[in-house]
Amino acid sequence: MTPLPLRQDEDRQIVLTDVSKFYGEILGVNRITLTIDPGITSLVGPNGSGKTTLMNLLTGLIQPSRGEIRVLGLSPRNPESLFRRLGYCGQIDSFPRGMTGYQFVATFLRLHGCGEAEVAARAWRAIERVGLADVAQRKVAGYSKGMRQRIRLAQAIAHQPDVLILDEPLNGLDPMARAETICLFQELAREGVHLILSSHILHEVDMMSDRVILIDGGYLRAEGGVAGVRQEITTRPMRILIRCDRPEQLAAMVFQAGIAVEAQLHPDRQGLFVSTTQADQFYLRFNRLAIESDLAIESVVPVDDDLAAVYQYLIGPQGGGE
Amino acid sequence: MAVYEHRYQAYEGALTSNWRRFLVLPRYSWQVLARSRLFLILMMASLICPLVYTILIYLHHNANALAAFGISPDQVLPIDADFFRVFVGVQTLLALLVSVLVGPTLVSPDLVNNALPLYLCRPLTRSEYLLGKMVVLMALLSGITWVPGVLLFLFQAFLGGGEWLLGEGQKGWLAVAIFLSSMAWILVLTLLALALSAWLRWRSIASGAFFALFIVPFPFGMVIFEMFQNRIGFGINLTMALDAIRHGLFGTTSEIPVSLTLGEGALVWAGYCLVALWLLSRRVRAYEVIAS
């Protein structure tokens with residue numbers, strides 16, 4: 001396969017420039033500046049942090065009080081061209097009354113401008129992709145929560161959008177359906193779709209996202225790859241677990257080398273937790289230590305560079321930050 | 001950093017034209033309505049008057065048929081402005097009943113089921129959404145009012161020929177009067193039905209409010225008039241306004257001793273339409289903003 005040149009121009013990016021949204025005196029989001037590339041981008045933050053507002057701004061359902069938004073070079077103020085390239089699945093359980101699953105997907109395809117010949121084929125393809133072909137002719141009102149979630153996802157992907165904005169798309173799905181849906185997201189992301197989703201399930205976000213956007217109280221707290229964000233948090237030493245045969249000796253060595261601010265023995269005494277403020281420096285020096293010493297090192301694993309840790313450090317268990 | 005294959009192809013096929021995109025909306029509404037027995041009964045009832053009028057026009061032009069029924073030509077209703085005005089009056093009353101039945105089902109279910117964001121994140125504006133919902137009712141009401149009215153006019157013009165059409169009075173204007181007076185009813189009924197459907201989520205209350213709009217202002221206006229000899233109370237009387245518009249367009253005189261002029265009627269009518277549009281613009285939004 002001939003590798004395609006990477007295009008970093010605005011036509012392939014979602015760009016928010018100094019975007020603020022106020023609901024009267026209530027702050028939705030404030031001064032958000034972001035550039036989002038293709039792949040899975042997860043919005044993470046406590047309830048009321050502004051995730052849904054940000055998604056609604058991207059979909060053009062609400063307009064910013066200040067700033068500018070460009071989605072693949074298009075303005076959300078121009079719904080005719082933007083919405084052709086955008087698929088949206090909101091957080092609220094929403095369906096026009098009385099429709100079957102198939103009618104639901106087909107109606108919105110027609111609203112997108114697909115002709116009758118295209119509608120049936122595309123609707124069925126999307127329904128099959130979310131695994132609801134058997135129940136597509138049943139009324140949506142009779143669906144379980146997970147089935148409703150999936151049929152809404154089907155209507156969001158049916159018209160083959162370039163950008164998918166999904167608010168809490170994994171809510172109500174059973175473990176098997178969650179795994180299948182995550183696989184679908186990853187497949188779409190690999191193909192080059194922008195997937196912007198919000199979720200409260202941090203380990204799943206961590207597993208599937210290329211980058212995260214942490215938002216709290218309407219303010220952007222961090223954005224980027226989880227590991228990169230973690231390294232930027234210099235106020236919290238990074239914790240690394242080193243499995244080895246003589247952890248006590250290793251503790252003395254790391255302190256002597258001045259590359260750790262804290263060391264703690266693992267309860268099974270077969271490992272050492274080391275805290276360091278400069279992870280890059282630590283790894284460089286530790287390599288030398290490992291070669292020079294005769295320690296039998298089994299593994300070196302960072303233990304707090306996951307999203308849960310980043311979330312806790314930046315936003316706190318209740319939100320509100322450190 | 002993930003490796004992006006960039007092999008995803010967004011849909012680039014043919015699209016239906018923008019101007020008729022809103023017509024997707026009435027599609028299911030009509031399908032749902034067709035399952036309602038009461039709706040079908042009303043639609044059948046709306047055919048009675050056109051049928052009777054067709055017979056009357058036919059008899060008017062057929063001396064043999066009149067003789068067969070034992071009716072003298074003097075007893076046959078004259079086919080003039082009043083003839084068509086009464087027809088429009090009867091049919092618009094049926095249109096009101098259809099609006100009461102259909103109106104509350106238009107916007108309210110989308111609001112109750114939070115479906116508006118789904119519609120509005122498509123290549124569909126708020127105006128097009130409303131237009132799509134208006135078409136549901138406007139098409140039905142047109143089928144009850146001006147379409148059979150104009151067909152009856154054409155039938156009469158065909159049987160009466162140039163003598164009737166070009167004779168006393170400007171008969172050609174009657175077709176325009178049938179259309180305009182029906183459209184005045186249709187537009188205000190549709191806008192009010194949508195506005196009430198958007199603001200009142202309970203169907204029975206929306207239907208009750210709809211009826212009340214046409215009934216309550218009349219005694220209110222009359223009481224004000226009797227007490228103060230002031231016509232200001234008629235300023236909210238939509239029924240009277242529509243009656244004035246109909247009489248004005250057909251060039252006939254109202255039987256009601258106190259009535260509005262064509263201009264006053266049009267003003268009241270426009271006021272109701274504007275209020276309904278304002279109510280809709282406040283309600284039909286992708287998201288409801290609640291200020292604390």
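## Chain B

In this predicted model, chain B follows the pattern α-α-α-α-α-α-α-α-α-α-α-α-α-α when read along the sequence. The C-alpha trace of chain B spans about 95 × 55 × 35 Å along its principal axes.

## The sheet of chain A

Chain A contains an open sheet of 3 strands, arranged in the order β2-β1-β4 with antiparallel pairing. The edges are formed by β2 (26-36) and β4 (66-71) of chain A; each has a single partner strand, so one side of each is left without a neighbour in the sheet. From one strand to the next, the twist averages 20°.

Strand β1 of chain A, residues 14-23, pairs with β2(A) in the antiparallel sense over 7 bridges. Within this part of the sheet, Phe22(A) stands opposite Leu27(A), a residue of β2(A). Helix α1 of chain A, residues 51-59, packs on the sheet and touches β1, β2 and β4 of chain A. The direction of α1(A) makes about 120° with that of β1(A).

## Extent of the interface

The contact between the chains draws 48 residues from chain A and 40 residues from chain B. The area buried between chain A and chain B is about 4200 Å², and carbon and sulfur atoms give 61% of it. On the side of chain A, the residues that lose the most area to chain B are Leu61(A), Leu111(A) and Glu191(A), which together account for 15% of what that side buries.

## Polar interactions and composition

Which side chains meet in a salt bridge? Those of Glu116(A) and Arg27(B) do, with a distance of 3.4 Å from N to O. The rule finds 1 salt bridge across the interface of chain A and chain B. Across this interface, 3 residue pairs are also found in polar contact, with both residues at pLDDT 80 or more.

Four elements of chain A give two or more residues to the side that touches chain B: α2 (79-82), α3 (101-112), α4 (116-129) and α6 (175-191). Of the elements, α3(A) gives the most to this side, with 7 residues. By class, the side of chain A that touches chain B has 22 nonpolar, 12 polar and 14 charged residues.

How values were computed: Residues numbered from 1 in each chain as written. Chains lettered and ligands numbered in written order. Predicted model: local features only at pLDDT ≥ 70, side-chain atom pairs only at ≥ 80, totals over all residues. Heavy atoms only, no water. Contact = heavy atoms within 4.5 Å. Buried area = accessible area lost by both parts, 1.4 Å probe. Salt bridge = Lys/Arg side-chain N within 4 Å of Asp/Glu carboxyl O. Polar contact = N/O pair within 3.5 Å; in protein donor to acceptor, adjacent residues only side chain to side chain. Nonpolar A, V, L, I, M, F, W, Y, C, P; charged D, E, K, R; others polar. Pairing = 2+ DSSP bridges. Axes fitted to C-alpha atoms, helices over the stretch in contact; angles between N-to-C directions.
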